[in-house]
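Hi everyone, thanks for coming along. Please have a look at the chain on the screen, and I'll walk you through a few of its parts.

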Amino acid sequence: MPNETTAASVAALRADVLRHITYTMGKDAPHASHYDWRLALSFALRDRIVEPWFAATRRTWETGAKRVYYLSMEFLVGRLLEDAAINLGLRDVAREALAGLGVDFATLVGEEPDAALGNGGLGRLAACYMDSMATLGCPGYGYGIRYEHGLFRQSIVNGEQREQAEDWLTQRHPWEFERPESAYVIGFRGEVTHAQGRAVWTPAETVHAEAHDTPVIGWGSRWANTLRLWSAKPTALFDLARFNHGEYAAAAEPEALARTLSRVLYPDDTTFAGKELRLKQEYFLVSAALQDILRRHLAGGHALSDLPALAAIQMNDTHPALAGPELVRLLVDVHGMGFKEAISIAVACLGYTNHTLLPEALERWATYLLGSVLPRHMQIIEEIDAWHARQHPTRPHWVGIVKHHEVRMGDLAFITSHRVNGVSALHSKLVKKTLFPELDALHPGRVVNVTNGVTPRRWLRLANPTLATLVTGSIGPGWEADLERLQGLEPLVEDAGFRAEFAAAKRSNKIALTDWLRQTQGIEANPDAIFDVQVKRVHEYKRQLLNILQTIAHWQRLRENPGSALPRLRVFGGKAAPGYQAAKEIIRLINDVAVVVNADPKTRDALQIVYPENYNVSMAERLVPAADLSEQISTAGKEASGTGNMKFALNGALTIGTLDGANVEIREHVGAENFFLFGLTAAEVTERRRDPEHARKAILANQPLQDVLQMIAEGRFSPDDPSRYHGLVHNIWNSDYFLVASDFAAYDAAQAQVDVAFGDPDRWWRMAALNTARMGYFSSDRAIREYMTEIWGTKSAL
Ligand code: NBG
């Protein structure tokens, strides 16, 4: 690490913080608030990022290195202050510098709002990948939208989710640089005419996309890349004539219209929101990004035919799938290239990552909508479709992009990319077999797998300083950028002293969580209980329902036989999409059950349920280090990968899980004996669904489950409204698409195994430490290296 904590570095940072208090915040130090100090510190750290950032940019220009452009509608970065301090090697320096001024570093860190520009795994993955690209010296840009309102704030009122607008930008955001000079015109609607053999699109509406750049510094400050987020601005300022006529609201209309484009993040990533505004947002991002990419390429004096040698463009799911048609449009209509050359350049540049098999999440736009919002793109999409059809005359007739008056964005992304990847081994196999079997057969080798990863800087070093210190003390520094080194812990696992230290680190994290629960939830939790955590978006396929049903069965057994199980704290957290009623009902059920169970004097010491509201990245940073047990219990074949599963296992939690997504590979790496496996496999799930009686049979075969459903149906957890959950219970008996009933018995048995293992501390801590030691593979650095060699064809510029 650079930047030792020396008296000189502390004094220098302190002086810079004071300078920013005075000249940036305009405050006299004795009157500065926490807010002032946090911003001043952020500016002082940002100053230290600027030099390496410039150096990286200069080096990329000088060496003519290929750049990666990561297009994503979501970047779930969370807080940035501590992350920047850690990657700069200045966390301790900052703490000391502030302490000398009578300011507490941790307090400032805790007051930073989360940048919640994403929904869940897909957006957080993009943020981890930005960190790894910067750490590996892979020259690159993240392109996204600077939403004024990120993911909604969740509160739980009488057990129910309420949504409030999120307002991270009401405070000054110190990490970004506004670039009013980097603005592009983005068009919508209008008409297409032809002149001199070329199509001329005259949009009826236009907005400006204005860039905001946030430097992303890598570990050890050796490289920095740019996260460039676009915000929408009107092309025409407000209408002075109308204003002068007293039409004040109408005068401001163009501005309001434009701004809606970057106003809100769509709060759903698992269903396809067929909204015109969403389509416009997607095109807004894609067009701004591609205009910027071509401008940079041409500024370097390169021929357009050289674009694939210098630019790799990755589409994060289908949301930016208009990148293919937009690139073709710019090359053909603006730069006069022939269609065939343009499409082959597009395919050579583009890659597509698929993140879901759920059919309801695959984007499809009605042709009349796409054709009216983007008339020229509709023509180009049809041209691409015809070109592809000509190349594959023997293809099955149902293969194609435009079918049944819809544009299928998955097929578009596939056809316009040279590589398509899934995000875990199982998922990639299913992408080939079930999602795109025909396209896979036409393009053998195009579909590859890159199993997801998470950044060890944030998810171990930052979030879990106690364990990070133990790791460094045991195997030396450097694992943060070379996570496979964690293997060095393996021999230590046999050492009782090491295991005791490992357990002590976990215990101190659990105590910290207990303190937080006391302060925020008013709950007195027992730090010696098993901390059993399920945090993620709430969705039927993720089966929070299975968890709460088993919790009720467990509670019943405890009532009959107190002392029959070890104490447990069951933590749930996560948001449901506002329009997703079934998921909201599950949240309510969990909270209703919590009220009854937590009030039971018979079981209070042995079982507690908590649902802290507004789960986000910074809450994950508290929960992950404190968990003993990680719940990864989706219906097999539904979770593309999961990344929470990786964070928990890396921090020494054991997984209870199905053979789904990356669970499969996690289990292979940590060892089957260190993983609580249960449930049907993906193939068995498909098979079981063929029996229309599957749920009924499973329920009738399992008395505890039958009792649980009976209690819920009778209103035991909703005495004020006994029929509240009739629909839910009816649905489990009669359809149960996600096979909660069929997996219940196996899950219940696996939970009993957890108790057995936790009751044997030697065994448990050996298992837990082996999880940490064997998770090196799941670093996002490994994943990004695979993207660089298998998909992007780029090299480190370090
Ligand atoms: C999510 C999957 C997760 C996966 C992340 C990141 C979407 C559409 N998909 O299983 O559900 O870990 O993507 O790949 O958000």
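Predicted model: local features only at pLDDT ≥ 70, side-chain atom pairs only at ≥ 80, totals over all residues.

Residues are numbered from 1 along each chain as its sequence is written, and side-chain values use heavy atoms, leaving out hydrogens and water.

Let's begin with the inside. A nonpolar core here is a set of buried Ala, Val, Leu, Ile, Met, Phe, Trp, Tyr and Cys residues joined through side-chain atoms within 4.5 Å. Buried means under 20% relative accessible area, exposed means over 50%, and partly exposed is in between, with a 1.4 Å probe and protein chains only. The largest nonpolar core has 235 residues, and L549 and W792 have the most contacts inside it. Its largest share, 10 residues, comes from helix α10, residues 276-299. Helices, by the way, are DSSP runs of H or I with at least four residues, strands are runs of E with at least two, and both are numbered from the N terminus. Apart from this core lies another one of 19 residues, including A529, V533, M619 and F648. As a general point, nonpolar side chains in soluble globular proteins tend to be buried together.

What does W792 touch, leaving aside its neighbours within four places in sequence? Its contacts (heavy atoms within 4.5 Å) are K66, V68, Y70, M133, C138, A312, Q314, I784 and Y787.

Now to the sheets. We say two strands pair if DSSP finds at least two bridges between them. Strand β20, residues 568-573, pairs with β21 in the parallel sense over four bridges, and R570 stands opposite I609 in β21. Four bridges also link strand β22, residues 629-632, to β23, again in the parallel sense. There, S630 stands opposite T655 in β23.

Is β23 covered on its faces, or open? Both faces are covered: L654 and I656 on one side are buried, and so are T655 and G657 on the other.

For an antiparallel example, look at the open sheet of three strands in the order β14-β16-β15. Its edge strands are β14 (364-366) and β15 (402-403), each pairing on one side only.

Next comes strand β10, residues 205-217, where 10 of the 13 residues are buried. Nine bridges join β10 to strand β7, residues 177-188, and the two run antiparallel. F177 stands opposite D213 in β10, while the bridge partner of D213 in β11 is R228. Strand β11, residues 224-234, pairs with β10 in the antiparallel sense over 11 bridges. β10 and β11 form a hairpin with six residues between them, and G220 in the turn has a positive phi of about 75°.

On to the helix pairs. The axes of α22 (residues 544-560) and α23 (residues 581-598) come within 10 Å and cross at roughly 20°, so these helices are roughly parallel to each other. Among the residues that meet are Q544, L545 and W555 in α22, and I586, L589 and V597 in α23. In the other pair, the axes of α29 (residues 703-713) and α30 (residues 726-734) come within 9 Å and cross at roughly 155°, so α29 and α30 are roughly antiparallel. The cut-offs are under 35 degrees for roughly parallel, over 145 for roughly antiparallel, 65 to 115 for roughly perpendicular, and oblique for the rest.

Last stop: W61, in helix α2, residues 34-63. At 40% relative accessibility, W61 counts as partly exposed. The C-alpha atoms of W61 and G300 are separated by 7.7 Å, although these residues are 239 apart along the chain.

Methods
Axes fitted to C-alpha atoms, helices over the stretch in contact; angles between N-to-C directions.
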